[in-house]
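Subject: Structure handover

Hello,

Please find the structure below, followed by notes on what was found in it.

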Amino acid sequence: MKKLHFAWIEQIHSFDTAEERAAYIEKQTALAQRKRQAPVQVIAEWVMDDGRFALRIRKPYNGNEMDEFGSNH
């Protein structure tokens, strides 16, 4: 029988400054703590050709917990 253990949303964001990027991560982490969810996982960070800062993240979908199924896969 099939069972869904975990679902997440993966997103790529771009920011004008590194400070703006850091503030976004901090805000998302605080939000997850208030909701008692797993924090945002940063998959990759890079500087784009135009100088903007990019961030690829993964976060829980519908309040799922990132446990053994979601944290390393």
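Across which strands does H1 lie, and at about what angle does H1 run to E3? H1 lies across E1, E2 and E3, and runs at about 5 degrees to E3. Axes here are lines fitted to C-alpha atoms, for helices over the stretch in contact, and angles run from 0 to 180 degrees between N-to-C directions. Contact means heavy atoms within 4.5 Å.

On the source: this is a predicted model, in which local features need pLDDT of at least 70 and side-chain atom pairs count only at pLDDT 80 or more, while totals for chains, interfaces and linings use all residues. Residues are numbered from 1 along each chain as its sequence is written, and side-chain values use heavy atoms, with hydrogens and water left out.

Overall layout

The protein has 1 helix and 3 strands, in the pattern β-α-β-β along the sequence. Helices (H or I, at least four residues) and strands (E, at least two) are DSSP runs, numbered from the N terminus. Of the 73 residues, 25% are buried; buried means under 20% relative accessible area, exposed over 50% and partly exposed in between (1.4 Å probe, protein chains only). Among contacts between residues at least 6 apart in sequence, 61% join residues at least 24 apart.

The sheet

The 3 strands form an open sheet in the order E1-E3-E2, with antiparallel pairing. Strand E1 (8-15) and E2 stand at the edges with a single partner strand each, so one side of each has no neighbour in the sheet. From one strand to the next the twist averages 15 degrees. Two strands pair if DSSP finds at least two bridges between them; E2 and strand E3 (residues 53-60) are joined by 6 bridges and run antiparallel. Within this pair, Val 42 stands opposite Ile 57, and Glu 45 has Leu 55 as its bridge partner. E2 and E3 form a hairpin with 5 residues between them, and Gly 51 in the turn has a positive phi of about 90 degrees.

Core and Val 40

Phe 15, Tyr 24, Val 40, Leu 55 and Ile 57 are the 5 residues of the largest nonpolar core. Such a core is a set of buried Ala, Val, Leu, Ile, Met, Phe, Trp, Tyr and Cys residues joined through side-chain atoms within 4.5 Å. Val 40 lies in the loop between helix H1 (18-34) and strand E2 (41-47), and counts as buried because its relative accessibility is 14%. Leaving aside neighbours within four places in sequence, Val 40 is in contact with Gln 28, Ile 57, Arg 58 and Lys 59.

By contrast, Glu 19 is in helix H1 and counts as exposed, at 60% relative accessibility. Glu 19 and Phe 53 are 34 residues apart in sequence and 9.6 Å apart in space, C-alpha to C-alpha.

The largest pocket

Val 40 also lines the largest pocket, along with residues including Gln 28, Leu 31 and Lys 59. About 160 Å³ of space lies in this pocket. H1 and E3 are the elements that give two or more residues to the lining, and H1 gives the most, with 3 residues. A pocket is an open set of points on a 1 Å grid over the protein atoms alone, where a 1.4 Å probe fits, with protein on both sides within 12 Å along at least five of seven lines; lining residues have an atom within 4 Å of a point. Grid points are joined across faces, edges and corners, and a volume is the space filled by probe spheres set on the points.

Regards
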